[in-house]
Amino acid sequence: MAKKGSWVQVHSVVLTTNERAPQVPESTKNVPLEMWVKGFLTADAEIGEEAEIRTITGRLEAGKLVQVEPAFTHSFGKFVPEILEIDQMLQQELFGGEA
């Protein structure tokens, strides 16, 4: 049970495949438009239940509760040696040396 005020993530379908605009590409039309949003629960809820949240900006959103205390899982990807080389070249060109 997630308690009121917990930081959570909810999921909802904004547009079904039948509601998608006719001019969007076929690959887009074939999938629903989905939303995952994080915020604070406005009432106790269980994972998988419909829940309402208040976002950081104060919006009220509703959806299926999918995660309690969601973590940020993005990254800047793997190391790319060429980017380091470009950085060193730019440092030399712009400032006459390394940073």
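Which residues does Thr-42 touch, not counting residues up to four places away in sequence? Let's start there, after a quick word on the model. This is a predicted model, so to speak about local features we need pLDDT of at least 70, and side-chain atom pairs count only at pLDDT 80 or more, while totals for chains, interfaces and linings use all residues. Residues are numbered from 1 along each chain as its sequence is written, and side-chain values use heavy atoms, with hydrogens and water left out.

Okay, Thr-42. Its partners are Lys-4, Glu-52, Ile-53, Arg-54 and Leu-60, where contact means heavy atoms within 4.5 Å. You'll find Thr-42 in the loop between strand E2 (33-41) and strand E3 (50-54). Helices here are DSSP runs of H or I with at least four residues, strands are runs of E with at least two, and both are numbered from the N terminus. Thr-42 and Glu-52 are 10 residues apart along the chain, and their C-alpha atoms are separated by 5.8 Å. Their side chains also make a polar contact at 3.0 Å. A polar contact is a pair of N or O atoms within 3.5 Å; within protein, one must be able to donate a hydrogen and the other to accept it, and residues adjacent in sequence count only if both atoms are side-chain atoms. Thr-42 counts as partly exposed because its relative accessibility is 25%. For that scale, buried is under 20% relative accessible area, exposed is over 50%, and partly exposed is in between, with a 1.4 Å probe and protein chains only.

Staying with E2, look at Phe-40, which sits in that strand. Phe-40 touches Gly-5, Ser-6, Trp-7, Glu-52, Ile-53, Arg-54 and Ile-56, again setting aside residues up to four places away in sequence. At 36% relative accessibility, Phe-40 is partly exposed.

Glu-69 isn't a glycine, yet has a positive phi of about 50°. Glu-69 counts as exposed, at 64% relative accessibility.

Compare that with Thr-55, in the loop between E3 and E4. Thr-55 is buried, at 7% relative accessibility. Beyond its neighbours within four places in sequence, Thr-55 is in contact with Val-37, Lys-38, Gly-39 and Glu-61.

Now, charges. Side chains of opposite charge can pair when their charged atoms come close. We call it a salt bridge when a side-chain nitrogen of Lys or Arg is within 4 Å of a carboxyl oxygen of Asp or Glu. How many salt bridges does that give? The count is 3.

One is Lys-3 with Asp-44, where the closest N and O atoms are 3.9 Å apart. Lys-3 is in the segment before E1 and Asp-44 is in the loop between E2 and E3, so this pair ties together parts that are 41 residues apart in sequence. Lys-3 is partly exposed at 48%, and Asp-44 is partly exposed at 43%.

Another joins Glu-26 and Lys-29, at 3.6 Å from N to O. These two are 3 residues apart in helix H1, which means about one helical turn separates them. And Arg-59 pairs with Glu-61, with the closest N and O atoms 3.0 Å apart.

Then there's Arg-20, in the loop between strand E1 (7-15) and helix H1 (26-29). Arg-20 is buried but has no salt bridge, and the nearest side chain of opposite charge, Glu-34, is 7.9 Å away. For charge, Lys and Arg count as positive and Asp and Glu as negative, while His and the chain ends are not counted. What does the Arg-20 side chain reach at 2.9 Å? The backbone oxygen of Val-31. Leaving out neighbours within four places in sequence, Arg-20 also has contacts that include Leu-15, Thr-28 and Pro-32.

Last stop, helix H2 (residues 81-95), where Ile-86 lies. Leu-94 is exposed, at 59% relative accessible area, and Ile-86 is partly exposed at 46%. The C-alpha atoms of Leu-94 and His-11 are separated by 47 Å.
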